[in-house]
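Good morning, colleagues. Please look at the sequence and the model as they come up.

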Amino acid sequence: MGKKRKRQLGLNAGNRQEQSTQQIHIQSEPNSQRSKRKTSGMDKLTQLAKVPTKINLVVVGTGGPGTSRSLLLTTEYTRYMFNCGEGSRRLISISRSLRQAAYAKVSGIENIFITYKNWENIGGLLGMAMTLENQKNTELRAFGSREKDCQAQTSSTPKITIYGPPDEKIAMMAKKFAVSANLNIAKGEGKYEDLCVTITPVAFYNNLDHEQNPAKRQRINSECKINDVAYCYIVQAKPPQPKINVEKCVDAGVTIGPMVGLLQRGHPVTLDNGTVIRPEQVTDMPVMDNRPFLILDCPSTEFLPSLMKCCELQDYTKTDVDRRSFSVIVHMTPKHVYDSTIYQAWMESFHISTDHLLMNSEAVGAELTRVREHQTLLNLVSSEIFPLLPAVEHADKMEVALQGKNSGEDDENEIVVMTPETELMLSQKKGQVAVAFSGLIYVSRGKLPGFHAEIDEFNYTDLRERYLSKLDFKDQLDKLEAITSTESASDEDKETDDKDFSSKYPRVVFLGTGSSEPNKIRAQSCILVHLSKRSVIMLDCGEDSYGQLYRFYGSRKTNRILRKLKAIFISHMHGDHHLGLITLMKERKAACDVKNKTFSPLLLVAPVQMKRWIKFYHTEIDDDITTLFRFVKIQTWLNDFGELPELKTASFEEVLQELDLSEFTPVPVEHCNNAFGISFRQSSGFKLVYSGDTMPCEALVKAGEKCDLLIHEATHEDSLSSHAKVSKHSTFSQAIDIGKKMEAKHIILTHFSQRYSHMVPLYKVELPDNVGVAFDNMQVNPQTVKYLPKLIPALTELFFDELQKSASKTLKYDRNNEKLEMAAKDSL
């Protein structure tokens with residue numbers, strides 16, 4: 001089980017027929033431009049598209065510990081997404097095996113189907129919108145530029161259609177977080193249909209009265225704070241194309257060529273002698289399981305009466321005919337609802353051959369194999385600074401999920417043609433309940449339908465041995481060992497008490513060190529600072545920060561840390577710095593409830609503009625959010641706006657008291673409007689400065705004078721200083737110069753462009769002996785931070801190949817920019 005497939009699969013862009021969508025008035029588009037876009041290459045491809053021969057349901061977010069719920073429906077031609085929780089876009093792109101075997105990738109996703117409007121289902125929607133936009137707008141992706149080149153981007157304007165709860169505000173929310181104004185977001189209504197599938201929404205409500213009273217139902221859908229409507233989706237694949245029978249073609253006089261394609265697509269052809277050949281004369285219709293499948297999320301037990309009464313679903317229950325049943329039902333239903341007697345009885349009402357896929361807290365946590373590989377390599381350099389990640393919880397359920405299933409190789413890209421005997425076996429087979437895990441797919445159409453595993457191979461021992469056999473890298477490790485062992489012996493002579501508080505705290509854990517959208521190795525900005533045994537503060541909270549925290553510490557430690565978390569500092573309002581806030585605060589509350597601990601709302605220190613985001617979430621998604629925190633506005637001099645009556649506030653004096661700090665000073669920095677860094681000092685005297693996102697800033701230099709540790713963003717390498725200027729970020733050397741001016745004792749560079757996923761290129765940078773580089777899942781304290789500069793030679797050698805690839809890409813970008821500049825000059 002779980003062998004990685006080696007075959008190379010072609011993948012065309014998505015295809016769609018015209019559909020009924022209600023366009024949101026976000027961006028106006030002249031009819032002339034719209035008509036031009038309809039004649040683009042994408043639409044030409046649609047005309048030539050074929051009915052898919054491969055249809056897969058791919059588990060993206062399992063719904064298990066530390067993971068959201070999201071599912072991808074893939075074919076050779078397009079992809080559709082069901083729910084989009086935090087971290088979904090990263091989970092899609094991180095698996096090599098799923099990309100090869102099941103067409104799982106982010107590009108081409110144009111339709112997203114939401115089952116219920118809560119953060120667990122839409123938390124990754126904003127980030128997904130930014131990613132899809134940047135894939136169309138390559139200049140924005142390459143350099144993080146916020147300059148808009150409308151003329152260059154108009155021809156490739158991406159479009160995302162969101163289906164589900166009847167509320168346009170979700171789409172509008174996603175639009176606001178896009179980098180450019182060219183992302184076209186629409187709200188889809190009713191049934192979706194294209195050349196591959198038909199997706200039918202089925203609404204059900206939080207009590208039966210809503211369903212029976214259409215007028216009341218319409219008013220509730222438009223006025224209530226939290227939707228009382230949920231959707232499940234019936235997905236019906238289009239019938240497979242008939243297979244050409246070569247012998248029949250020969251008998252009928254049809255030669256191999258264009259005629260064959262026409263006949264296969266259902267068109268009659270005329271031979272040279274005038275004979276008309278109809279498709280049924282030379283084709284065989286494959287016999288296969290073409291039953292629909294159901295995607296379902298029943299949010300609470302209050303929805304069960306309405307769900308049981310859905311007439312659209314009753315046609316598939318209480319039947320002895322397998323062809324009128326579902327092939328598989330995907331249950332995104334929460335555990336307490338799924339385990340209820342009513343829900344279990346309803347499940348049993350479906351045909352015995354129906355499979356069931358469970359995606360909730362009982363599922364296996366997400367396994368980011370490539371992240372685990374990367375951490376294993378870093379661990380070779382320093383096991384203390386780069387600890388190995390804990391094992392995935394509930395992993396024992398993976399074998400149970402596939403018990404009795406054949407997950408062998410599937411090397412042929414062809415339709416399975418079932419015999420009458422195989423069809424009889426299908427009708428007699430017993431359905432299986434599978435628990436979701438990373439790499440699990442359900443083959444709806446293809447060879448060997450059913451559950452299969454496509455898990456990336458990872459062998460800890462082999463990986464270590466392969467890299468340790470590299471002589472240049474091993475030589476760097478030996479040099480590092482000699483240096484650190486000597487310094488460790490010297491430190492032991494100086495310190496008689498190895499439990500000295502000042503040597504252990506603050507302990508800084510980097511959970512996310514990337515900028516903008518996350519990549520396979522670096523997540524969005526998030527830094528955890530352990531101030532003492534009982535006190536923790538978080539600096540920024542990008543999307544999926546809770547997932548990063550969970551994967552670094554594991555279940556028990558994560559809950560303990562959440563209970564110690566007393567404050568979160570948000571530097572500015574760009575989505576990659578705060579989109580993980582909602583989940584993290586909810587999980588903190590859950591961690592306190594588990595131990596029956598007295599819950600104290602955490603301190604949320606943020607720009608006053610954060611209140612707009614809080615108000616939107618409070619009024620549109622979850623009105624319980626304001627009980628989870630006390631708001632500390634950074635701009636004390638500004639008047640409040642959009643005040644929420646339920647919102648509790650706190651002062652900077654309370655921050656100092658609860659965190660046991662002697663100083664806590666936000667610093668205006670030069671990035672976007674209302675962007676801030678932070679400087680704080682512990683009662684022990686240790687001073688830490690965090691820049692947030694900024695260009696070189698003199699105000700930060702002044703506030704951080706003679707600090708013990710400066711954590712400064714370094715988004716771009718020095719050769720891309722022009723891009724750093726446009727996006728108002730810092731280069732490597734600029735960040736180091738700020739540390740020099742500040743006279744910082746130690747400097748750690750972070751917030752790197754996603755082109756530097758493995759290691760940053762420091763060949764041409766003058767590095768002082770107090771500069772280190774941050775990685776995800778890295779931890780340092782006052783005792784170990786001094787070793788970071790000494791790790792750079794070994795890290796550079798370790799990721800030499802990746803650095804070479806990065807350098808070639810940068811050179812390509814530079815050449816393209818030179819051509820554009822020359823063309824612009826010539827035009828003048």
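I begin with a definition: helices, marked H, and strands, marked E, are runs assigned by DSSP and numbered from the N terminus. A cavity, in turn, is a set of grid points where a 1.4 Å probe fits but cannot get out, and its lining residues have an atom within 4 Å of a point. Please also bear in mind that this is a predicted model.

The structure holds 7 cavities of 30 Å³ or more. The largest cavity has a volume of about 170 Å³. Its lining consists of 18 residues, and those closest to the centre are Ala366, Pro390, Val392, Tyr550 and Arg551. Two or more lining residues come from each of helix H19, residues 369-381, and H25. Which element gives the most to this lining? That element is H25, with 3 residues. Sorted by class, the lining of the largest cavity has 9 nonpolar, 5 polar and 4 charged residues.

Among the elements that give two or more residues to the lining are helix H25 (545-553), helix H26 (555-564) and helix H27 (581-594). The largest share, 6 residues, comes from H27. By class, this lining has 14 nonpolar, 14 polar and 13 charged residues.

I turn now to charged pairs. Side chains of opposite charge can pair when their charged atoms come close. In this model the count comes to 18 salt bridges. One of the pairs is formed by the side chains of Glu543 and Arg89, at 3.4 Å from N to O. Glu543 lies in the loop between strand E23 and H25, while Arg89 belongs to helix H3, so the pair ties together parts that are 454 residues apart in sequence.

Next, the sheets. An open sheet of 7 strands runs in the order E8-E9-E10-E15-E16-E17-E18, with mixed pairing. Strands E8 and E18 stand at the edges with a single partner strand each, so one side of each is left without a neighbour in the sheet. Within this sheet, E15 and E16 pair in the parallel sense over 3 bridges. Helix H18, residues 341-348, packs on the sheet and touches E15, E16 and E17; its direction makes about 170 degrees with that of E15.

Another open sheet, of 6 strands, has the order E28-E29-E30-E31-E32-E33, again with mixed pairing. Its edges are E28 and E33, each with a single partner strand, so one side of each is left without a neighbour in the sheet. On average, neighbouring strands here are turned by 15 degrees against each other, direction ignored. Strands E32 and E33 run parallel and are joined by 3 bridges, and Ile747 stands opposite Val771 in E33. Helix H33 lies across E32 and E33, at about 50 degrees to E33.

Finally, two details of the backbone. Where is the cis peptide bond that I wish to point out? It joins Tyr505 and Pro506, with omega about 5 degrees, and Pro506 lies in the loop between helix H24 and strand E21. Asn674, found in the loop between strands E28 and E29, has a positive phi, near 60 degrees, in a residue other than glycine.

Notes
Residues numbered from 1 in each chain as written. Predicted model: local features only at pLDDT ≥ 70, side-chain atom pairs only at ≥ 80, totals over all residues. Heavy atoms only, no water. Pairing = 2+ DSSP bridges. Helix = DSSP H or I, 4+ residues; strand = E, 2+ residues; numbered from the N terminus. Contact = heavy atoms within 4.5 Å. Axes fitted to C-alpha atoms, helices over the stretch in contact; angles between N-to-C directions. Nonpolar A, V, L, I, M, F, W, Y, C, P; charged D, E, K, R; others polar. Salt bridge = Lys/Arg side-chain N within 4 Å of Asp/Glu carboxyl O. 1 Å grid on protein atoms, 1.4 Å probe; cavity = no way out; pocket = protein on both sides within 12 Å on 5 of 7 lines; lining within 4 Å. Points joined across faces, edges and corners; volume = space filled by probe spheres on them.
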